[in-house]
Amino acid sequence: MPKTPALVLALLEERDDPVDAVVHAFDSAARDLVASGDADGCPVATMALDVVDTNDPRPGGSSFRRRSKRSWPGTGSPRLGTRRGQPPGAHTAPRGRATMAAVVPADTIRIPGSRTLRFEGRDHGSGVSFFLVTNDPGKGPDLHRHPYTETWSVLEGEATIRIGAETVVARAGDTAVVGPDVWHGFTNTGTGVLRMMCIHASATMIQENKSEEHR
């Protein structure tokens, strides 16, 4: 059996799709290992055996398939690299290719009447969302929560952050994290402007505000 890199090069000459060539090379190498009895303890073959499915409907298609619902463009075969084992309702980026060279101008995501920017990943092919907060002293959001983690990175100033029953103070360069479904909020307790990145681990922002009577 030729070594896998050589096999890839050979298949590249036969196939227009380089990804398909790599998959075929991986397929062939793993099958040879299995046939020779050398697959035991080989991590590549173990991974291959985990994803092999010989019922690939593509004419001439590779037998390697991830067991997921995402598909290769123009085919019914699942896409390699899809995360498995995600819980129902997991917040992921939308299908489709993100434009790698895209720049999102600040003015297009600025909250009307505010200096704060609001970026929602689903609109830009990203799996995360964020607020880039610019607040004056004494300002900040009331208690709220999300069904995913939120990470804060203070760029300038000082923030007093309430996380559940605890309160922490974060200054420029500091990072803090709140888990899913934990009530939280923050206030600019410094003497100047607070600039803070609030990163939501979701392509879509989901927020529940705590009512006045339960604060």
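Glycine 164 takes a positive phi near 60 degrees in the hairpin of strand 5 and strand 6. Two residues lie between the strands of that hairpin. The model is predicted. The protein has four helices and 10 strands.

**The hairpin and its neighbour**
- Strand 5 covers residues 158–163, and strand 6 covers residues 166–171.
- The two run antiparallel and are joined by six bridges.
- Within this pairing, isoleucine 161 stands opposite valine 168 of strand 6.
- Strand 5 also pairs with strand 8, residues 184–188. That pairing is antiparallel too, over five bridges.
- Isoleucine 161 has a bridge partner in strand 8 as well, namely phenylalanine 186.
- Arginine 171 belongs to strand 6 and glutamate 158 to strand 5, and the two are 13 residues apart.
- Glutamate 158 is buried, at a relative accessible area of 18%. Arginine 171 is partly exposed, at 46% relative accessibility.

**Overall layout**
- From the N terminus, the elements run α-α-α-α-β-β-β-β-β-β-β-β-β-β.
- The protein has 215 residues, and 32% of them count as buried.
- Take the contacts between residues at least 6 apart in sequence: 57% of them join residues at least 24 apart.

- Five strands form an open sheet, in the order 1-2-9-4-7, with antiparallel pairing.
- Strand 1 (117–119) and strand 7 (175–178) stand at the edges. Each has a single partner strand, so one side of each is left without a neighbour in the sheet.
- On average, neighbouring strands of this sheet are turned by 15 degrees against each other, direction ignored.
- Strand 4, residues 150–156, pairs with strand 9 in the antiparallel sense. Six bridges make up that pairing.

**Histidine 200**
- Histidine 200 sits in strand 9, which spans residues 194–200.
- The bridge partner of histidine 200 is glutamate 150.
- The side chains of these two residues also make a polar contact, at 3.4 Å.
- Histidine 200 counts as buried because its relative accessibility is 1%, under the 20% cut-off.
- Leaving aside residues up to four places away in sequence, histidine 200 touches Val128, Ser129, Phe130, Phe131, His146, Tyr148, Thr149, Glu150 and Met205.

**Salt bridges**
- Side chains of opposite charge can pair when their charged atoms come close.
- The whole structure holds seven salt bridges.
- One of them joins the side chains of arginine 115 and aspartate 136, at 2.9 Å from N to O.
- Arginine 115 lies in the loop between helix 4 (106–109) and strand 1. Aspartate 136 lies in the loop between strand 2 (129–135) and strand 3 (144–145). The pair therefore ties together parts that are 21 residues apart in sequence.
- Arginine 115 is partly exposed, at 39% relative accessibility. Aspartate 136 is partly exposed as well, with a relative accessible area of 35%.
- Glutamate 120 and arginine 118 meet through their side chains in another salt bridge, at 3.2 Å from N to O.
- Glutamate 120 is buried, at 8% relative accessibility, whereas arginine 118 is partly exposed, at 34%.
- Arg118 and Glu120 also belong to a network of salt bridges that includes Arg122 and Asp123.

Terms used
Residues numbered from 1 in each chain as written. Predicted model: local features only at pLDDT ≥ 70, side-chain atom pairs only at ≥ 80, totals over all residues. Heavy atoms only, no water. Buried < 20%, exposed > 50% of the residue type's maximum accessible area, 1.4 Å probe, protein only. Polar contact = N/O pair within 3.5 Å; in protein donor to acceptor, adjacent residues only side chain to side chain. Contact = heavy atoms within 4.5 Å. Pairing = 2+ DSSP bridges. Axes fitted to C-alpha atoms, helices over the stretch in contact; angles between N-to-C directions. Salt bridge = Lys/Arg side-chain N within 4 Å of Asp/Glu carboxyl O.
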